[in-house]
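Trainee: I would like to go through this structure and ask what stands behind each label. Please show it to me before we start.

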Amino acid sequence: MQAEQEDRFQDFVRARWPQLVRTAYLLTGDVHHAEDLTQTALAKAYRSWRRISRADNPEAYVRRMLVSCNSDRFRKRRVIESLTAAVPERAGRDGSATRVEERGSLLAGLAQLPPRQRAVVVLRYWEDLSESEVAEVLGCSPGTVKSQASKGLAKLRTYPGLVDSRTVSGGREGSR
């Protein structure tokens with residue numbers, strides 16, 4: 001790789017690292033797996049950076065690599081991880097503990113979704129990509145994105161930790 005291309009790649013990594021790790025974290029549910037997944041995707045991107053940097057949206061290309069690498073992770077070996085529903089220690093009552101518990105419930109709920117549904121939900125609603133952008137990242141049709149998002153959200157709505165947090169925070173379910 002030429003020095004100019006190398007500099008562009010390093011600038012890209014510096015600028016996008018936090019967002020890519022955040023997306024990877026939402027896909028994996030674990031900080032360490034997220035960092036490993038991001039490094040794997042960026043290593044693959046480095047090898048093809050000359051071609052990727054000429055694309056209309058290099059970030060979307062790398063994000064797609066991130067999702068693909070996550071899928072590969074499941075193909076290689078099936079590792080079942082169980083996230084705990086309860087936080088080990090209770091924090092103060094200033095509301096931050098509730099937000100942490102809600103976030104934990106959301107992450108646990110995401111972990112229960114199949115990889116494709118999880119990827120759609122994360123990219124569509126957390127990364128705020130349009131249906132067509134998600135379809136491009138995942139290499140599927142916008143209709144598939146819609147159906148996978150619908151199924152994923154339906155499963156999240158029935159996830160116990162999320163149902164409980166909606167009921168507690170507003171006094172009745174669906175008040176948010």
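Mentor: Start with accessibility: buried means under 20% relative accessible area, exposed means over 50%, and partly exposed lies in between, with a 1.4 Å probe and protein chains only. The model is predicted, so local features need pLDDT of at least 70 and side-chain atom pairs count only at pLDDT 80 or more, while totals for chains, interfaces and linings use all residues. Residues are numbered from 1 along each chain as its sequence is written, and side-chain values use heavy atoms, with hydrogens and water left out.

Trainee: Why does Asp 128 count as exposed?

Mentor: Its relative accessibility is 63%, and exposed means over 50%, so Asp 128 counts as exposed. Asp 128 is in the loop between α6 and α7.

Trainee: Is Asn 70 buried or exposed, and how do you know?

Mentor: The relative accessible area of Asn 70 is 4%; the limit for buried is under 20%, so Asn 70 is buried. Asn 70 lies in helix α4 (residues 58-76). Leaving aside neighbours within four places in sequence, Asn 70 is in contact (heavy atoms within 4.5 Å) with Leu 27, Thr 28 and Leu 37.

Trainee: And His 32, buried or exposed?

Mentor: His 32, in helix α2 (residues 31-47), has a relative accessible area of 58% and is therefore exposed.

Trainee: What makes a stretch a helix, and how many helices does the chain have?

Mentor: Helices are DSSP runs of H or I with at least four residues, strands are runs of E with at least two, and both are numbered from the N terminus. The chain has 9 helices and 0 strands. Of its 176 residues, 36% are buried.

Trainee: Why is α6 called roughly perpendicular to α8?

Mentor: Helix α6 (residues 115-126) and helix α8 (residues 142-158) pack at an angle of about 95°, with axes 8 Å apart. Angles under 35 degrees count as roughly parallel, over 145 as roughly antiparallel, 65 to 115 as roughly perpendicular and the rest as oblique. The angle makes α6 roughly perpendicular to α8. The axes are lines fitted to C-alpha atoms, for helices over the stretch in contact, and angles run from 0 to 180 degrees between N-to-C directions.

Trainee: How do you know that the buried residues of α7 line one face?

Mentor: In helix α7 (residues 131-138), Val 134, Ala 135, Val 137 and Leu 138 are buried. Seen down the axis of α7, the buried residues fall within an arc of 165°, so they line one face of the helix. The arc is that of the directions from the helix axis to the C-beta atoms.
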